[in-house]
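Look at the structure below with its sequence to hand.

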Amino acid sequence: MGLGGPLLPGVLWAQMQQNGAQRVTAAMLADGLALAGLTFGEEDQKSMLQAVNQNLTRYEEVRALHIPNDVSPPFHFSPLVPGMKVNRTREPLHFTMPSVKRPSNLEEVAFWPITQLAQLIKTRQVTSTELTEMYLARLHRYNAKLNCVVTFLDDVARAQARQADAEIAAGHYKGPLHGIPWGAKDIIAVKGFKTTWGSAAYQDQVIDEDASVVEMLRDAGAVLLAKLTSGELAQGDRWFGGQTMNPWNLSEGSSGSSAGPASATAGGLCAFGIGTETSGSILSPSARCGVTGLRPTFGRISRYGVMALSWTQDRLGPLCRYAEDCALVMSVIARQDNRDMSVSDIPFNYSNRLDIRKLRVGYLKDGFDEVRDAATKERDEKTLAQVQDLGVKLIPVKVPEAGVDGGSFGVESAVFFDELVRSGGDKKLTNPGRANGWRSSRLIPAVEYLQSQRVRMMMMMKLAEATAEVDVYLVPANGGGGGGRGGRGGAPPTDGGGGAPNPQRRSSIQRHFNMANQACYPALSAPNGFAESGSPTAITFYARPFGEAELLALAKAWQDASGFHLKHPNLPV
């Protein structure tokens, strides 16, 4: 049956009435109202009964349609609230391009930031082919330990590297990502290759198109090495091929769900990765693996060609080794594509010339004051002191009371995977229990879902008011940080980079994480030390919507002063 169908709903309803059909009885209606926590009088229920039965026909017509993955609802979320101002003037981009010298052993550059790798290629000390072969060798050598690759794209990478070398030799240098090898989380479509979404139910799926972000990076001359692991359907660090591991601690998972991009980047197996986040899935693995991961504002980067969990929260972002690396990647992918209609035209105006002393920098005072173990408290307070030493004055920020949870109740992901569940395909999932939440979401009334989104808007306005006096602010890392894209606020906070849950850190840090996530604020996780386990610990920089340029400038200045981003794991051969 096509759109609209050969018979209009009213005709079908009339035919059903002629047949005396009434599939929903008065008793069933009363039970259904009880599921929603509602009661109406007998006369009201009688008047509802006809409409409820008529709706069944409409439901069946919609279910008979196959709705393609790339079709979103015709309404689009905005992280901006009334009165919030953003810079809509496009300004010149400025990046740091240091002088570099090729080492005798090229593998020494495996952990170099993009800013340095780009200079090696631009000055023709290294070819893209040489850099690509070095990273491919490391991917193949260490994947058995890290389990971070779903599909190797060796032939694609070599062809793209040869093309980059030819273009550069002909004088057509495209910019700092030209010839730079990268990896894509495997919920991002690459034409002609499997996009498995990390699930046994989709492990043979081929999506016959490139995601917009893949096209943009290819046009910039970047070289795609591999499809990197995603936790199943973008949750956690476990996929149908096992668990992806933390290069710093091979007994520990890399966290999720951008597990592969975090693990591969931290392990020096690619120059950067592209991950996704709905609820912590860039920040959490970045913190666990000690990389610098940016969760941009909702509406910064197109999600076309990427699996959906929430049309009002899903975001793509770079996982790199340095804040300015994130800025380089953002300069290429933070733009409209006329496919994802939620993408804003607000420009990304990063500049390394920004005087960070003029920024209004805050810190979540309650979060830093909360009782924590001595080592974590010392690391976080040292980070605050280092930021102050940059010449900024820290302004205390207090997270407002959230009140009622304004989350989506899982409704949006239930919509995306509705056909899977109704067909029984969820039984093929690596973790079939994942579908339980989607089935229960069926019983959430549309009125309650939309009311929850109004509550969400009220929360966003409160958060905007609480952060109105700052441009960027620091928050202790959420620990588990989400562990799974699409989760309900993430796993319980952990001590630093992967210790046991610490209930004493839950209150303001977790509350802020949930609010800023639902409000779709940009955030950057960056390493600030090490836990006793040997795993990295992290600090999180936040900004108000579309404030990534200021956020990255401050984080870069702090990283230049602290140097934690220069440390890397020593993987056993």
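What follows is a short walk through some features of this model.

The model is predicted, and local features need pLDDT of at least 70, side-chain atom pairs count only at pLDDT 80 or more, and totals for chains, interfaces and linings use all residues. Residues are numbered from 1 along each chain as its sequence is written, and side-chain values use heavy atoms, with hydrogens and water left out.

Begin with the interior. In soluble globular proteins, nonpolar side chains tend to be buried together. A nonpolar core is a set of buried Ala, Val, Leu, Ile, Met, Phe, Trp, Tyr and Cys residues joined through side-chain atoms within 4.5 Å; buried means under 20% relative accessible area, exposed over 50% and partly exposed in between, with a 1.4 Å probe and protein chains only. The largest such core here has 110 residues, and Leu217, Phe272, Ile274, Phe417, Phe541, Leu552 and Leu554 have the most contacts inside it. Leaving aside neighbours within four places in sequence, Leu217 is in contact (heavy atoms within 4.5 Å) with residues including Trp182, Phe272, Ile274 and Val332. Another core, of 27 residues, lies apart from the largest one and includes Met84, Leu283, Ile346 and Ala464.

Aromatic rings come next. The structure holds 15 aromatic pairs. Rings of Phe, Tyr and Trp (its six-membered ring) pair if their centres lie within 6.5 Å; planes under 30 degrees apart count as stacked, over 60 as edge-to-face and the rest as tilted. The pair of Tyr363 and Phe368 is tilted, because the ring planes are at 55°, with the centres 6.0 Å apart. Both Tyr363 and Phe368 are buried. One aromatic cluster is formed by Trp197, Tyr202, Trp311, Phe416, Phe417 and Trp438.

The backbone is the last topic. Most residues other than glycine have a negative phi, and most peptide bonds are trans. The peptide bond from Gly256 to Ser257, however, is cis, with omega near 0°. Ser257 lies in the loop between β7 (249-253) and α8 (259-266); helices (H or I, at least four residues) and strands (E, at least two) are DSSP runs, numbered from the N terminus.

Asn147 is not a glycine, yet has a positive phi of about 55°. Asn147 sits in the loop between α5 (128-146) and β1 (149-152) and counts as buried at 17% relative accessibility. Phe546, also not a glycine, has a positive phi of about 65°. Phe546 is found in the loop between β15 (536-543) and α18 (548-562), and is buried, with a relative accessible area of 11%.
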